[in-house]
Amino acid sequence: MDFVIRPAGEADLDDIFAIEHASFGSTAWPRQMMASELSPNPNRNYFVSLENDKIVGYAGIGVVDGSHADIMTIAVSSEQRGKGLGRALMNRLIEVAAKRGASEMFLEVRADNPVAQALYESLGFVQIDLRRAYYQPEGIDAVIMRADLSTKVAERAQQAIREPLVLGIESSCDETGVGIVRGNNLLANVIASSMDAHARFGGVVPEIAARAHLEALQPTLRQALRTAGVSLSEIDAIAVTNGPGLAGALMVGVGAAKALAVATGKPIYAVNHLVGHVGVDVLERGEVVTPTIALLVSGGHTSLLLVRELVSDVELLGETIDDAAGEAFDKVARLLGLGYPGGPVIDQAAANGNPKAIRFPRGLTLPKDMEKHRYDFSFSGLKTAVARWVEVAEAKGEDFSVADVAASFREAVVDVLVTKAVAACLDNNVPRLLLGGGVVANRRLREVAAERCEAAGIELRIPALSLCTDNGAMIAALGAQLIMAGHEPSTLNFAADSTLAVTNIQTS
Ligand code: KG4
Ligand code: ZN
């Protein structure tokens with residue numbers, strides 16, 4: 001049996017009314033009444049069940065959060081009866097009522113319908129009253145039944161806090177990511193990248209990225225649900241990146257997440273992209289071990305964080321004052337005529353080069369800089385130095401080695417990144433370093449980080465690359481951590497914030 005149950009809306013009125021009419025005849029609700037039941041109302045939850053996209057049943061409850069729920073109506077089209085559809089709809093109603101904290105649930109059923117009464121009894125309902133001649137004009141009695149949901153409510157609430165099923169949406173740069181986690185477990189991580197569309201510009205073009213998100217979001221969402229094998233109605237909460245990142249790109253994800261939250265009635269968590277890069281570690285490790293230093297390096301950011309507590313205490317130690325590390329790779333690859341994105345092609349070109357061939361400058365590492373900008377980065381001077389070096393070599397008509405330039409450039413970037421990250425660990429007495437962001441793919445960065453961390457007694461964590469580059473799973477993971485730590489959802493008033501500070505882990 002392949003039925004789908006989804007929340008019902010006003011657009012379903014005709015189909016629902018047709019079944020209502022066929023099922024209840026003269027006692028059917030007037031169309032107007034059915035329409036008002038389906039209109040948006042926080043005290044109503046209606047569902048339809050579909051077979052091959054055709055509505056074959058529906059049911060609804062009236063619910064007062066934290067108190068009780070009443071079954072308003074339930075019907076299944078006559079051809080589909082006896083297939084367990086009524087039971088499935090009832091289970092969905094009970095689940096929703098329990099989720100909304102209703103500790104008891106009531107219904108009334110015709111006394112001349114023993115099949116329905118048996119179904120309700122098997123679901124835990126017991127008769128508490130009989131109303132004589134309730135159904136007119138036939139004068140049939142109504143059996144009033146009640147189910148105690150208190151244990152279900154408690155179980156459901158605990159489950160949702162213990163292991164929440166969270167959908168995360170990420171759209172801060174050029175990756176549209178939708179991830180689904182249950183507690184600390186990864187269920188789906190689907191990513192659509194618009195990188196190819198930016199290639200001929202040599203860097204991410206914000207307008208192109210925003211438009212690409214708009215196109216990619218729905219298919220990515222659908223694919224993630226399919227991969228995880230869950231339906232939207234089962235999700236406990238939605239998490240979304242609200243910053244930092246490209247304003248237009250962020251807005252697409254934030255808008256989509258809010259729309260989903262409103263349509264499904266799920267709580268929403270607006271979370272910080274950078275902290276998401278740190279939180280992703282729970283998906284492989286089962287926990288985030290703190291305190292930890294985190295070095296986040298991508299095309300959009302180069303940040304050094306001191307994470308004392310993932311959900312409540314993250315400090316920005318330093319960041320780039322000009323280009324991001326990945327951006328430096330992209331720009332230098334462009335001036336060497338190697339293509340885009342720069343990281344992988346420079347890595348490749350550098351493989352046969354001599355990293356000591358040219359001594360390129362290490363930004364912000366002079367003693368005076370290490371006082372004022374100890375944890376900050378600067379790569380624009382390095383990029384200019386490479387450009388100048390190439391210019392001079394070309395002017396002299398020298399036949400220089402691109403491999404040596406690439407290797408020497410890469411060495412300069414990696415040296416600075418690792419030097420400052422290790423210093424942050426030692427200065428703060430934190431024996432742990434976590435890497436995140438697309439530049440983590442860099443082979444030399446991995447090597448040098450591993451060598452120097454080992455020498456300094458620092459434990460190095462590098463998540464799988466699919467979790468290092470921008471993705472929705474890290475956003476879902478952070479959302480789940482916030483829920484498990486008992487944080488309240490965000491209101492719907494938050495906005496995309498392109499310069500969101502890292503200390504702002506969740507926007508309320
Ligand atoms: O995290 P990410 O996918 O998201 C954005 O920032 O968009 O990072 C992409 C960045 C690009 O700048 C790319 O050049 C860089 O990561 N990157 C690398 C390598 N692979 C990708 N940088 C250095 N070495 C690599 N192997
Ligand atoms: Zn990122």
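**Backbone exceptions in the predicted model**

Pro137 is located in the loop that separates strand S6 (125-135) from strand S7 (140-148); here helices (H or I, at least four residues) and strands (E, at least two) are DSSP runs, numbered from the N terminus. The structure is a predicted model, in which local features need pLDDT of at least 70, side-chain atom pairs count only at pLDDT 80 or more, and totals for chains, interfaces and linings use all residues. Residues are numbered from 1 along each chain as its sequence is written, chains are lettered from A and ligands numbered from 1 in the order in which they are written, and side-chain values use heavy atoms, with hydrogens and water left out.

Most residues other than glycine have a negative phi, and most peptide bonds are trans. The bond that joins Gln136 to Pro137, however, is cis, its omega being near 5 degrees. A cis peptide bond also links Gly243 to Pro244, with omega near -10 degrees. Pro244 belongs to the loop connecting strand S11 (237-243) and helix H8 (247-264).

Positive phi values occur at two non-glycine positions described here, Asp53 and Asn429. For Asp53, phi is near 70 degrees, and the residue sits in the loop between strand S2 (44-51) and strand S3 (54-63). Asp53 is exposed, its relative accessible area being 74%; the classes are buried (under 20% relative accessible area), exposed (over 50%) and partly exposed (in between), computed with a 1.4 Å probe on protein chains only. For Asn429, phi is about 60 degrees. Asn429 occupies the loop between helix H15 (402-427) and strand S16 (432-436) and is likewise exposed, at 69% relative accessibility.
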